[in-house]
Amino acid sequence: MRIAPIIVIALTLCIEPAFIGKAIAQRSGSTAGFPQNADIRNIATGVWFLKGGVNGSSNTAVIEMDKYLIVVDANYPGRAKELLQIIPTISPKPVKYVFDTHAHGDHSYGNSIWTSAGATTMAFSGVSLDMDKWEPARWQQAAKRRKDMQDTGMGDVQRPQKSLSGNRFTLKDGHREVEFISFGWGHTEGDGYVWLPRERVLCTGDAAVNGPYNKIIDANLTQWPQILDRALRLKPRYVLPGHGEAGGPEILEGQAMFLRELRKAVSSALAKGQNPEDTTIDLPQSSDHWVPHAQPSLWRQDIVTMALELSAKRPAGSLPHEWR
Ligand SMILES: [Zn+2]
């Protein structure tokens, strides 16, 4: 009987933090009648991870400060409306800031929903620059098939109200410090991360996703894995990705490995004179988790985008391209 507590402690140490997905408390189903994708996980005291995935939605993080909440990623308008109903079930404090990790629609098109509810949207300055570069064409293309966007009555994404210059911005109160960090152009030119130094939680947006969910057409594919190496040097305990399950630093390592293996394989194909539009690319098993086998057109896009960057010797995202 006396060894029981020792076993419990040993088990606790074993499952923390590598298997966070199983170890952390789950509150699925706590939001009665609302909605099918209300997967809410308590990552640390006052830090929640709300998994997206339905109707193209991204993941969301909610960070509780003394008097208010910070939401990471505005999401699509429909999901933003859902979140406005879900979040009061986890904390009664008002949402004061909504941070867009980058300009892609599944992370930012809900901006106007949040500002109408009284929050202030913010992002690094590169996000508005990306929006100015790609919008309103992408908004209008997506709105054709998205009722939640049509319902906003808008013809363009609302720009973040607060634009962060430099590469670091900190919000701090008696209990928590939240750092907003720009490491440079990886997934998009305006990429921003959210880092909780005390809890060692890192929100990455799509700079790191946990599975075959990424779209790399706006990326700087040469710099991106190096940036993930820099993010790893923060030594995060928990990584909250833009898509897929929460986990630990293995998400950053895997995303970087995928990009490096893709580069190596496409480089080798180009050296053999193969056409990136139809050549077969196989990556090592260690990168397979990030390969979109179920979406051959997205996989082809990955290969072609990498080939474009390698041939042009410029970031793929800086070359003329359209959202596909
Ligand atoms: Zn994205």
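Predicted model: local features only at pLDDT ≥ 70, side-chain atom pairs only at ≥ 80, totals over all residues.
Trainee: What does the protein chain hold, in helices and strands?
Mentor: The protein chain has 11 helices and 13 strands. Of its 324 residues, 44% are buried.

Trainee: How do you know how confident the predictor is in the chain?
Mentor: Look at pLDDT, which runs from 0 to 100. Its mean over the protein chain is 90. A value of 70 or more is reached by 88% of the residues. Residues 1-38 stay under 50. For that stretch the model has 39 contacts beyond four places in sequence.

Trainee: Why is Val 71 called buried?
Mentor: Count C-beta atoms. The cut-off is 20 or more others within 10 Å. Val 71 has 25, so it is buried. Val 71 sits in strand 5, residues 69-72.

Trainee: Which residues is Val 71 in contact with, leaving aside neighbours within four places in sequence?
Mentor: Thr 60, Val 62, Val 95 and Val 98. Take Thr 60. It is 11 residues from Val 71 in sequence, and the C-alpha atoms are 6.9 Å apart.

Trainee: What makes the phi of Lys 235 worth a remark?
Mentor: Most residues other than glycine have a negative phi. Lys 235 is not a glycine, yet its phi is positive, about 60°. Lys 313 also is not a glycine and has a positive phi, about 55°. Lys 313 lies in the segment after helix 11 (296-312). With 7 C-beta neighbours inside 10 Å, Lys 313 counts as exposed, because the limit is 12.

Trainee: What makes the bond between Glu 135 and Pro 136 worth a remark?
Mentor: Most peptide bonds are trans. The bond joining Glu 135 and Pro 136 is cis, with omega about 5°. Pro 136 is in the loop between helix 6 and helix 7.

Trainee: How do you know that the buried residues of helix 6 are on the same side?
Mentor: List them: Gly 126, Val 127, Asp 130, Met 131 and Trp 134. They cover an arc of only 145° around the axis, so they lie on the same side of helix 6. An α-helix has 3.6 residues a turn, so residues three or four places apart point the same way.

Trainee: What do those residues of helix 6 pack against?
Mentor: Strand 7 (120-124) and helix 7 (137-143).

Trainee: Why is helix 3 called mostly covered?
Mentor: Helix 3 spans residues 77-86, and seven of its 10 residues are buried. They are Pro 77, Gly 78, Arg 79, Ala 80, Glu 82, Leu 83 and Ile 86. The elements covering them include strand 3 (47-51), strand 4 (60-64), helix 5 (111-116) and helix 8 (147-150).

Trainee: Which residues form the covered face of strand 10?
Mentor: Val 178 and Phe 180. The uncovered face has Glu 177, Glu 179 and Ile 181.

Trainee: What makes a set of residues a nonpolar core?
Mentor: Its members are buried nonpolar residues joined through C-beta atoms within 7 Å. The largest such core has 77 residues. Ala 61 is among those with the most contacts inside it. Beyond four places in sequence, Ala 61 touches residues including Val 47, Phe 49, Val 194 and Leu 240. Helix 10 (residues 250-271) gives the largest share of the core, seven residues.

Conventions. Residues numbered from 1 in each chain as written. Helix = DSSP H or I, 4+ residues; strand = E, 2+ residues; numbered from the N terminus. Arc of directions from axis to C-beta. Contact = placed C-beta atoms within 7 Å.
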